[in-house]
Amino acid sequence: RISPVVDPDDEEDLSVSQGKRYNILETAADHNGLPRVLADGFATKEQCQELLDLAKAGASAGSGYSGRSSPHTDNELFEGLTVEESAKGAANGKLNVSSSLLYLDLAETSRLFIEDHFKMKQRLHFSYSHLVCRTSLLNGKVSKEKMDKLKLSHPVHSDNCILKEDGQCIKEPPAYTWRDYSAILYLNGDFEGGNFFFANRDHSVQHEVKPECGRLVAFSAGKENLHGVLPLLKGRRCVVALWFTFSKDKDESNHDGAKKMLSELKANMEREKEHASEL
């Protein structure tokens, strides 16, 4: 089944976190008690467009995959931008400072919401943040026969263990065993295919999520939440992918460094602007 669209004016489906209101579409109660949540309202259309523009200006092919531009399927181009790369690009004048700060702010908003929603008693740290875009090379021209043979945009996997053919998921290197929660913040939905899905142990689709600007899906990172992405048939699909950990020693240290660098850049720009207005 595919996630339903809920009326944003329905007060029963609204949640308040850190003073902000979100439209809750699905919770663990809709997923047999599994720790999952789907919600809208994490970014406006203008904010989504700003990050789409940031990705267009700064994302590099194969980011996070040793430069492999099509790491999962030859039918797509994969590009990404880390928070550190975004901050350095802004410092070099290649990327917009405010847009790079927005990237970090939306990631933090998502983190705080997840802590609140799942009633966590300890801090959730960033493990890795990645602004990611996939571009289909198919242009929508796919026959029914070819559709059945297409590789997934992202294969079925768990975020903290290695999924074996027999269905076991082993928590050992090279898996990111310290990751505890994951989230995906969608920036657009104007493409064909590319739905996120939770999977059964046999890799079949259990539940689909249709991406839309400002929609967030979050879930625990273990074998209970196997997931993947259906083939992207046409267009460009962009998200902010986020992974979290309870382990402070696995904290994404460059996240705080990027925030500090960008905040200082913005403050300097504002001081220069103020000084220029006084001349």
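Reader: At roughly what angle do the axes of helix H2 (residues 83-91) and helix H3 (residues 97-117) cross?

Author: The model is predicted. In this model, the axes of H2 and H3 come within 9 Å of each other. Their crossing angle is roughly 160°.

Reader: Is H2 roughly parallel or roughly antiparallel to H3?

Author: Angles over 145 degrees count as roughly antiparallel. The axes of H2 and H3 cross at roughly 160°, which makes H2, relative to H3, roughly antiparallel.

Reader: Which residues of H3 meet H2, and how do the residues of this contact divide by class?

Author: H2 contributes Val83, Ser86 and Ala90, and these meet Val97, Ser100, Tyr103 and Leu104 in H3. The handedness of this crossing is left-handed. By class, the residues of the contact of H2 with H3 are 5 nonpolar, 2 polar and no charged.

Reader: Which residues of H3 meet helix H1 (residues 45-58)?

Author: The axes of H1 and H3 come within 9 Å and cross at roughly 115°, and H1 passes H3 in a left-handed crossing. From H1, the residues in this contact are Gln47, Glu50, Leu51 and Leu54. From H3, they are Ser98, Ser99, Ser100, Leu102, Tyr103 and Leu106.

Reader: How many nonpolar, polar and charged residues has the contact of H1 with H3?

Author: Glu counts as charged, and Glu50 of H1 takes part in this contact. Leu and Tyr count as nonpolar, and Leu106 and Tyr103 of H3 are among the residues that meet H1. The division is 5 nonpolar, 4 polar and 1 charged.

Reader: Is the ring pair of Phe126 and Phe244 stacked, edge-to-face or tilted?

Author: A search of the whole structure finds 12 aromatic pairs. For Phe126 and Phe244, the ring centres are 5.5 Å apart and the planes stand at 40°. Planes under 30 degrees apart count as stacked and those over 60 as edge-to-face, so this pair is tilted.

Reader: How many residues apart in sequence are the parts that Phe126 and Phe244 tie together?

Author: Phe126 is buried at 5% relative accessibility, and Phe244 is buried at 0%. Phe126 lies in strand S6 (residues 125-136), whereas Phe244 lies in strand S17 (residues 236-245). The pair therefore ties together parts whose separation in sequence is 118 residues.

Reader: What kind of pair do the rings of Phe198 and Phe219 form?

Author: Phe198 and Phe219 are both buried. Phe198 lies in strand S12 (residues 196-199) and Phe219 in strand S14 (residues 216-220), so the pair ties together parts 21 residues apart in sequence. With ring centres 5.4 Å apart and planes at 85°, the pair is edge-to-face.

Reader: Which residues do ring pairs link with Tyr22 into a cluster?

Author: Rings pair if their centres lie within 6.5 Å. Pairs of this kind link Tyr22 into a cluster with Phe42 and Phe113.

Reader: What is the omega of the cis peptide bond that joins Pro173 and Pro174?

Author: Most peptide bonds are trans. The bond that joins Pro173 and Pro174 is cis, and Pro174 is placed in the loop between strand S9 (169-170) and strand S10 (181-186). Its omega is about 10°.

Reader: What is the phi of Lys119, and is this residue buried or exposed?

Author: Most residues other than glycine have a negative phi. Lys119, in the loop between H3 and S6, has a positive phi of about 50° although it is not a glycine. With a relative accessible area of 66%, Lys119 is exposed.

Reader: Where is His203 found, and what value is its phi near?

Author: His203 is found in the loop between S12 and strand S13 (205-209). At 41% relative accessibility, His203 counts as partly exposed. The phi of His203 is positive, near 75°.

Reader: Leaving aside neighbours within four places in sequence, which residues is Glu224 in contact with?

Author: Glu224 has its place in the loop between S14 and strand S15 (227-229), and at 33% relative accessibility it counts as partly exposed. Leaving aside neighbours within four places in sequence, its contacts are Leu34 and Arg36.

Reader: Leaving aside neighbours within four places in sequence, which residues does Ser69 contact?

Author: Ser69 lies in the loop between strand S4 (60-61) and strand S5 (76-82). It counts as partly exposed at 32% relative accessibility. Apart from neighbours within four places in sequence, Ser69 is in contact with Ala61, Gly62, Glu76, Leu77 and Phe78.

Technical notes:
Residues numbered from 1 in each chain as written. Predicted model: local features only at pLDDT ≥ 70, side-chain atom pairs only at ≥ 80, totals over all residues. Heavy atoms only, no water. Axes fitted to C-alpha atoms, helices over the stretch in contact; angles between N-to-C directions. Helix = DSSP H or I, 4+ residues; strand = E, 2+ residues; numbered from the N terminus. Parallel < 35°, antiparallel > 145°, perpendicular 65-115°, else oblique. Left-handed = near helix turned anticlockwise from the far one by under 90°. Contact = heavy atoms within 4.5 Å. Phe/Tyr/Trp six-rings, centres within 6.5 Å; stacked < 30°, edge-to-face > 60°. Buried < 20%, exposed > 50% of the residue type's maximum accessible area, 1.4 Å probe, protein only.
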